[in-house]
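Welcome! Here is a friendly walk through one protein chain, taken a few residues at a time. Keep the 3D view open as you read.

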Amino acid sequence: MRCCVFSTKPYDERFLSEASANHALTFLEPRLTIETAALADGFDAACLFVNDEASADVIERLASMGVRFIVLRSAGFNNVDLDVCKQHGIRVARVPAYSPQGVAEHAVGLMLALNRRLPKAYNRVREGNFALDGLLGFQMHGKTAGVVGTGLIGAACCRILRGFGMTVLAHDPNPADGLDVEYVELDQLWAESDVITLHVPLFDATYHLVNDDTLGRMKDGVMLINTSRGGLVDTRAVIAALKSQKLGALGLDVYEEEDGLFFSDRSGDILGDDTFARLLTFPNVLITGHQAFFTREALTEIAQTTIDNLTRFEAGAEAPNEVRAD
Ligand code: NAI
């Protein structure tokens, strides 16, 4: 199978090359957009990551060039127009799970770092400043965490937080078995949680799940963590809530306008996104650039599953990881 790999980083090339037995992989640095779609000419498959744009016009372009398969190196597939794929007979597969515990661990890492002001403490100590004022945190044990979405990652997060001795309120239309948590309606979760962490996929129904209205229902000083997808949070609303101190801390691994921003070194560029720039001014905001998945274990699983998806597609076989339009 001839497959072009968009948005390639050195680590993608390394792990995919190691996993690939007999597929002809061509590694391309550009992100897939309508401007770069022509690079897929002559390939049977395109391998995409989270910020590649497989929108309707891009899919139509890929189909016209003979691309028949899309293999995603991600779990989320909100960036792919599945209806248009179906119209053009393009099969799509994803990597449904890769080290969900690693993503949950990163979400909890953001909580701990925000709570105990670790970035500030790190800088202070390096400068010989051992004062503690401004570093006051709270004990997680005995507090209430709200976990929205208890699929693979949310469930792993629930287990870690229960291990801390937190009460965990969870919300999910499909409750998981065997989790020592209380499933509640969202309103109760917003109202009673000291820390809220989002682990739902981005759908139309979950777009801007955190907005002016839902923020208003939360406890004063609540901590919000989003390692799922940027579009779950209305950034303008959280900035207002940070300014009014409704929101006590914000940890983000994803950002609604991260396409074209994350995954590259932009340290020499002028930041053109004023909203993102405003977020960076708050001392109680900690942002990482979509790195929650980034563990050796996850990259190995992503590469193996992606290659397996290609092999099954090439053989015309069922692909258990196929995603289809409803
Ligand atoms: P999953 O599919 O195992 O679980 C998602 C859960 O959300 C399901 O249990 C589903 O019933 C629930 N859900 C759906 N709609 C809901 C709603 N309106 N309210 C509450 N729950 C709802 O997915 P998984 O593996 O746990 O991943 C979750 C998300 O994490 C992915 O969709 C992806 O966007 C994100 N992710 C982020 C990564 C990162 O590096 N930052 C890495 C991997 C995934």
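How many disulfides does a search of the whole structure find? The search finds 0 disulfides. Keep in mind that this is a predicted model, so the answer describes a prediction.

A disulfide would need the two sulfur atoms within 2.5 Å. Cysteine 47 has 1% relative accessibility, so it counts as buried. Now turn to cysteine 158, which is in no disulfide either. Its nearest cysteine sulfur is that of cysteine 157, 6.4 Å away. Cysteine 158 also counts as buried, at 1% relative accessibility.

## An open sheet and a helix packed on it

Next, look for the strands. An open sheet is formed by 6 strands, in the order β2-β1-β3-β4-β5-β13, and the pairing is mixed. Which strands stand at the edges? They are β2 (24-27) and β13 (322-323); each has a single partner strand, so one side of each is left without a neighbour in the sheet.

Within the sheet, strand β1 (residues 2-5) and strand β3 (residues 45-48) run parallel, and 3 bridges join them. For one of these pairings, find cysteine 4: its bridge partner in β3 is alanine 46. Helix α11 packs on this sheet, where it touches β1, β2, β3, β4, β5 (91-93) and β13. The direction of α11 makes about 160° with that of β4.

## Rings that meet

Now for the aromatic side chains. A pair of aromatic rings is described by two things, the distance of the centres and the angle of the planes. The structure holds 8 aromatic pairs. In one of them, the ring centres of phenylalanine 69 and phenylalanine 313 are 4.9 Å apart and the planes are at 10°, so this pair is stacked. Phenylalanine 69 sits in strand β4 (residues 69-72) and phenylalanine 313 in helix α11 (residues 296-314), so the pair links distant parts of the chain, 244 residues apart. Both phenylalanine 69 and phenylalanine 313 are buried.

A tilted pair is formed by tyrosine 255 and phenylalanine 276, with 4.9 Å from centre to centre and 50° between the planes. Tyrosine 255 lies in the loop between β11 (247-252) and α10 (274-280), while phenylalanine 276 is in helix α10, so the pair ties together parts that are 21 residues apart in sequence. Tyrosine 255 and phenylalanine 276 are both buried. Elsewhere, ring pairs link Tyr11, Phe49, Tyr98, Phe263, Phe293 and Phe294 into a cluster.

Which residues in helix α9 (residues 235-243) are buried? They are Thr235, Ala237, Val238, Ile239, Ala241 and Leu242. These buried residues of α9 pack against α8 (212-217), β10 (222-226), β11, α10 and β12 (285-287).

The loop between α9 and β11 holds glutamine 245 and lysine 246. Are these residues buried or exposed? Glutamine 245 is exposed, with a relative accessible area of 63%, whereas lysine 246 counts as buried at 17% relative accessibility. The side chain of lysine 246 joins that of aspartate 220 in a polar contact of 2.9 Å. Leaving aside neighbours within four places in sequence, lysine 246 is in contact with several residues, including Leu215, Met218, Val222 and Ala241.

## Two positive phi angles

Histidine 290 is not a glycine either, and has a positive phi of about 55°. You can find histidine 290 in the loop between β12 and α11. Histidine 290 counts as buried, at 8% relative accessibility, while glutamine 245 is exposed.

Notes: Residues numbered from 1 in each chain as written. Predicted model: local features only at pLDDT ≥ 70, side-chain atom pairs only at ≥ 80, totals over all residues. Heavy atoms only, no water. Phe/Tyr/Trp six-rings, centres within 6.5 Å; stacked < 30°, edge-to-face > 60°. Helix = DSSP H or I, 4+ residues; strand = E, 2+ residues; numbered from the N terminus. Buried < 20%, exposed > 50% of the residue type's maximum accessible area, 1.4 Å probe, protein only. Pairing = 2+ DSSP bridges. Contact = heavy atoms within 4.5 Å. Axes fitted to C-alpha atoms, helices over the stretch in contact; angles between N-to-C directions. Polar contact = N/O pair within 3.5 Å; in protein donor to acceptor, adjacent residues only side chain to side chain.
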